[in-house]
Amino acid sequence: MSLSSVAASFELGRDIEPSVVAMLQQAANNKSQGVYQSLSAEQLLPMLEAFIRAQGLAGAEVKGLRRMGGGASKEQFVFDLHSEAEPVQRCVLRMDPLESAVVTDRRKEYEVLNCMQSVLPVPPVLWADIEGAELCRPALICGFIGGVTKPSGDSGNVSGLGALLPERFRERLSVQFIDYLVAMHGVAVDFKPEVFQVPDADPQQAARWQLNWWSSVWRDDAIEGSPLMGLAERWMRDNLPGARELVVVHADYRTGNYLFDENSQEISTVLDWELAHIGDYHEDLAWIICHKGVTEDGQIMASGLMTPEALSERYSAATGRIVDAETLHFYKVLSVYKCVAICLATAAQTAGRKHSHQDVLLSWLTAAGHSFSAELLSLLKEVQ
Amino acid sequence: MNPSSALRIDTMMRTLQDTIMPAIRDDQPLAKEQAGLMLGHLAALQQQANREHAVDDYCQALLLTLADEVLRLGAEESSIADLLASLDTARKNGELIALGFHIERILASSDTSAVFKRESSKVAMQYAADHTHMGRAWFLPMGFDGNPKALPTVAELLAE
């Protein structure tokens with residue numbers, strides 16, 4: 001229970017990406033709705049077939065529709081698509097529940113996936129029901145890509161948190177991981193202006209937009225006040241870095257959000273683009289570093305793959321961009337602040353309102369917020 | 001009271017593990033995963049049994065101490081006078097939820113003196129260290145903590 005809903009009482013003129021405001025306002029509207037009821041595969045099937053036929057695919061038939069596991073945010077189904085003219089194609093349907101651990105927009109995901117098709121391996125995006133008019137909830141249909149997020153037999157933790165890849169995988173995956181990061185950061189930031197806005201009014205705007213977005217999320221969803229989150233917000237407001245160069249930020253690029261083939265160790269696709277936006281390249285680097293695995297001898301491995309120093313050095317070598325230590329630290333604080341907001345606030349509130357098909361996972365993830373809080377405290381101590 | 005919570009949790013875990021989970025078909029991965037999470041939640045509840053009120057009391061005591069410190073340090077800060085007044089009222093009325101939000105808002109305010117920022121950082125960080133220790137220790141059975149051996153136990157923290 002927050003004292004006020006920031007998204008609902010959004011003040012005109014506050015510096016935040018306009019399309020993010022619209023997204024947060026829609027999320028605020030959803031909060032008052034009743035218990036979320038998932039559709040079964042049997043209920044979904046006729047709607048899905050009608051939707052695909054309406055996209056112009058003659059004789060479309062959906063076969064083998066079934067739920068997929070995994071994922072804390074989207075309902076996911078897999079199916080085989082048959083049609084008169086095309087070979088059978090295995091597809092994935094990703095649908096928004098009423099709420100989830102993070103508020104996102106299918107329009108943004110659709111646009112950025114389309115843009116990235118020719119740049120790096122991403123799932124081929126086929127159709128989107130942006131408003132959920134045909135499929136009851138906003139949804140995206142993509143081609144299915146095989147692969148694993150972690151080697152078989154590695155139990156790990158849910159959602160790839162704390163993932164450390166076995167040593168024999170690290171180098172080969174690290175090379176590709178950096179290559180694809182560099183590739184996405186090389187894409188021109190000229191999207192449809194109604195979908196992605198560019199924070200170029202002043203050098204600090206990229207950082208300010210992110211801080212205003214996530215502090216709004218926190219204040220809107222916090223169940224109890226957090227002195228630590230207040231302290232972190234103040235430090236970030238007092239230390240907004242200027243962006244040297246704006247790029248397409250994936251915003252959830254880490255082990256767990258790409259698939260690879262266990263035998264060849266080739267990354268087959270990069271997933272979960274729903275938080276993508278235009279921003280500072282340090283943001284992705286910091287997120288990768290904050291999702292760390294620790295080796296038996298205590299070495300921190302960014303995203304379970306390589307040391308933070310190696311990540312920065314390789315990125316700089318590949319792009320010619322400077323990795324500025326102070327800017328990186330700001331985005332590390334922001335990254336962990338986001339994780340605390342997602343776990344202790346939005347995940348808990350969503351589960352409490354029974355608004356997701358994964359309430360039991362969200363209440364589980366909430367507990368991770370305390371470890372992220374400890375990490376946030378540690379980062380703030382470094383600069384006090 | 002018989003049956004105890006411990007016995008009820010124990011039997012729920014056994015039926016999940018021995019009967020329900022093996023009966024879930026392999027083509028229902030979400031159901032399998034969620035049953036596994038239920039088992040994890042129950043195992044954590046089993047380890048946390050009978051201590052939730054003591055932990056809440058511990059956290060409330062930390063928050064009240066911090067409120068007093070923030071009120072003392074902020075006495076000369078005119079820019080946050082309204083927030084401090086709200087905090088003072090919440091403190092006097094024992095409104096703990098409001099108390100936490102008011103402290104957060106006060107600490108988030110950039111429009112304060114350098115001295116207040118420095119001193120309030122110290123007390124807030126001490127609070128956060130104690131609070132996150134308890135949070136991590138309490139939820140240790142969930143397996144998120146990267147360095148569990150460095151943590152005191154809940155019993156040790158409550159005994160302090």
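Guide: Buried means under 20% relative accessible area, exposed means over 50%, and partly exposed lies in between. Keep in mind that this is a predicted model.

Visitor: Why is A:Asp272 called partly exposed?

Guide: The relative accessible area of A:Asp272 is 24%.

Visitor: What makes the phi of A:Asp272 worth a remark?

Guide: The phi is positive, about 55°, although A:Asp272 is not a glycine. A:Gln265 is not a glycine either, and has a positive phi of about 60°.

Visitor: Where is A:Gln265, and why is A:Gln265 called buried?

Guide: A:Gln265 belongs to the loop between strand E7 (258-260) and strand E8 (267-270) of chain A. The relative accessibility is 13%. Buried means under 20%, so A:Gln265 counts as buried.

Visitor: Why is A:His370 called buried?

Guide: The relative accessible area of A:His370 is 12%. The cut-off is under 20%, so A:His370 is buried. This residue is in helix H11 (residues 368-381) of chain A.

Visitor: Which residues does A:His370 contact, leaving aside neighbours within four places in sequence?

Guide: They are A:Leu344 from chain A, and B:Thr132, B:Gly135, B:Arg136 and B:Phe139 from chain B.

Visitor: How do you know that helix H10 of chain A is mostly covered?

Guide: Six of the eight residues in H10 (residues 359-366) are buried. They are A:Asp359, A:Leu361, A:Leu362, A:Trp364, A:Leu365 and A:Thr366. They pack against helix H9 (325-352) and H11 of chain A, together with H2 of chain B.

Visitor: What makes A:Arg208 and A:Asp15 a salt bridge?

Guide: Their side chains meet at 2.9 Å, N to O. The limit is within 4 Å, so the pair qualifies. A:Arg208 lies in helix H5 (residues 205-221) of chain A, and A:Asp15 in the segment before helix H1 (18-31), so the bridge ties together parts 193 residues apart in sequence. At 21% relative accessible area, A:Asp15 is partly exposed.

Visitor: How do you know that A:Asp96 and A:Arg106 form a salt bridge?

Guide: The N to O distance is 2.4 Å. The limit is within 4 Å, so this pair qualifies too. A:Asp96 lies in the loop between strand E3 (89-95) and helix H3 (106-116) of chain A, with A:Arg106 in helix H3. Both A:Asp96 and A:Arg106 are buried.

Visitor: What makes B:Asp68 and B:Arg91 a salt bridge?

Guide: Their side chains come to 2.8 Å, N to O. The pair meets the limit of within 4 Å. Helix H3 of chain B holds B:Asp68 and helix H4 (residues 81-93) holds B:Arg91, so the pair ties together parts 23 residues apart in sequence. B:Asp68, at 36%, is partly exposed. B:Arg91, at 27%, is partly exposed.

Visitor: Which residues do salt bridges with shared partners join into one network?

Guide: A:Lys74, A:Arg94, A:Asp96, A:Arg106, A:Glu109, A:Asp272 and A:Glu274. The whole structure has 40 salt bridges over all chains.

Definitions and conventions:
Residues are numbered from 1 along each chain as its sequence is written. Chains are lettered from A and ligands numbered from 1 in the order in which they are written. This is a predicted model: local features need pLDDT of at least 70, side-chain atom pairs count only at pLDDT 80 or more; totals for chains, interfaces and linings use all residues. Side-chain values use heavy atoms; hydrogens and water are left out. Helices (H or I, at least four residues) and strands (E, at least two) are DSSP runs, numbered from the N terminus. Buried means under 20% relative accessible area, exposed over 50%, partly exposed in between (1.4 Å probe, protein chains only). Contact means heavy atoms within 4.5 Å.
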